[in-house]
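Biologist: Before we open the model, could you walk me through how to read a few of its features, giving the general idea each time and then the case at hand?

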Amino acid sequence: MATSALTPAPAPDRPVFVLGCPRSGTTLLQLMLHAHPRIALPPETRFVLPAYEDRLRFGDLRDKGNRAGLAAWITGRKETRFHELGLDAGRVAERIADGPPTLGSALGIALRSYAESHGKVRWGDKRPAYALHVEEILRLFPTAQFVHLVRDGRDCVASLLGMPWWHRGFHEAVATWAQVMDVTRRYARTLGPDTWHELRYEDLLTDPEPQLRALCAYLGEEYAPGMTEPHRLARTAVPARKTWHRRTHGTLDASRAGSWARRLTPDQIRLCEAVLGDRLVRNGYELSGAVRPDPAELLRYRRVVTLRRAAHAKRRMLDHVTRLREPGPVAARPHTLTTSESGA
């Protein structure tokens, strides 16, 4: 099959951000993109959003000393997971300190360094939480391209409930998928097809090549057949501590799609379909026809949704207040976004 004629010119100055509901398959998609000869996506990091949210602490980045402090915060703390990138922390810190005076540039240098270490010219990041922080990512990287991976909400809920790090319960898991779907739907409408691309996890598993060809066309890159074999990179690109990603070490397996039917209880299925039904159908998922849930369960769910909405609104308000105190622009300078073709 020929590469799509709609493929635009390559855009190495456009970082790629993969997002979605937790347990929607974003790690699998990260590996598929990382298998492309021009694209590098690192293991999930923890420095982009925390640095943005706490940006005032770093001071005016026109001061090289402040940039050095930010560089040490990014590269020298276990919490940022920078150590999992396999980079020379001192060298990256030096580049940030010597680099442009914006937060986006500093963060871009760290992520770009990972791409360069793999000889790649396109870089980006993957984190499900970015789904609720697209506006912040665009402030840091105005030319970013987003890839939203959608999975059946019932499967996401069932998977979350089995994770050792998920301690928020069933209702919170359901509300998480609903919120991600609502927020990303708005971004899909406002950002348009040049900046936003969606695909379904189930389609990626059952027929990956056309999905990946369309994704590459969106990114302005040629399709690479090796993208359909992400398991070849899992040993080196997925931290060993993440045992919940063990399935990425094997070939593509569609058996987990639809496993919610045996992993959720009848009561859980009833609530999921009652509150997620319209969103599920809109994204091509069929409902089982379960009867209405217990009204008390609906009330518990609605309380969780109310709290989540309030927390999101508070976060937005605090962000806009913080913007008034920023000492300078946060957006990455264009020339910090592009690696050399040699990866040097």
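Biologist: How far is the sulfur of Cys156 from the closest cysteine sulfur?

Modeller: In general, a disulfide is a covalent bond between the sulfur atoms of two cysteines; here the term requires a pair of cysteine sulfur atoms within 2.5 Å. The sulfur of Cys156 is 4.3 Å from that of Cys21, its closest cysteine sulfur, and this is too far for a bond. The structure holds zero disulfides. This is a predicted model, in which local features need pLDDT of at least 70 and side-chain atom pairs count only at pLDDT 80 or more, while totals for chains, interfaces and linings use all residues. Residues are numbered from 1 along each chain as its sequence is written, and side-chain values use heavy atoms, with hydrogens and water left out.

Biologist: Are Cys21 and Cys156 buried or exposed?

Modeller: Buried means under 20% relative accessible area, exposed over 50%, and partly exposed in between, with a 1.4 Å probe and protein chains only. Cys156 counts as buried because its relative accessibility is 1%, and Cys21, at 2%, counts as buried too.

Biologist: Where does Ser159 lie, and which residues is Ser159 in contact with, leaving aside its neighbours within four places in sequence?

Modeller: A helix is a DSSP run of H or I with at least four residues, numbered from the N terminus, and contact means heavy atoms within 4.5 Å. Ser159 lies in helix α7, residues 153–161, and is buried, with a relative accessible area of 3%. Leaving aside those sequence neighbours, Ser159 is in contact with Arg23, Arg151 and Arg263.

Technical notes. Helix = DSSP H or I, 4+ residues; strand = E, 2+ residues; numbered from the N terminus.
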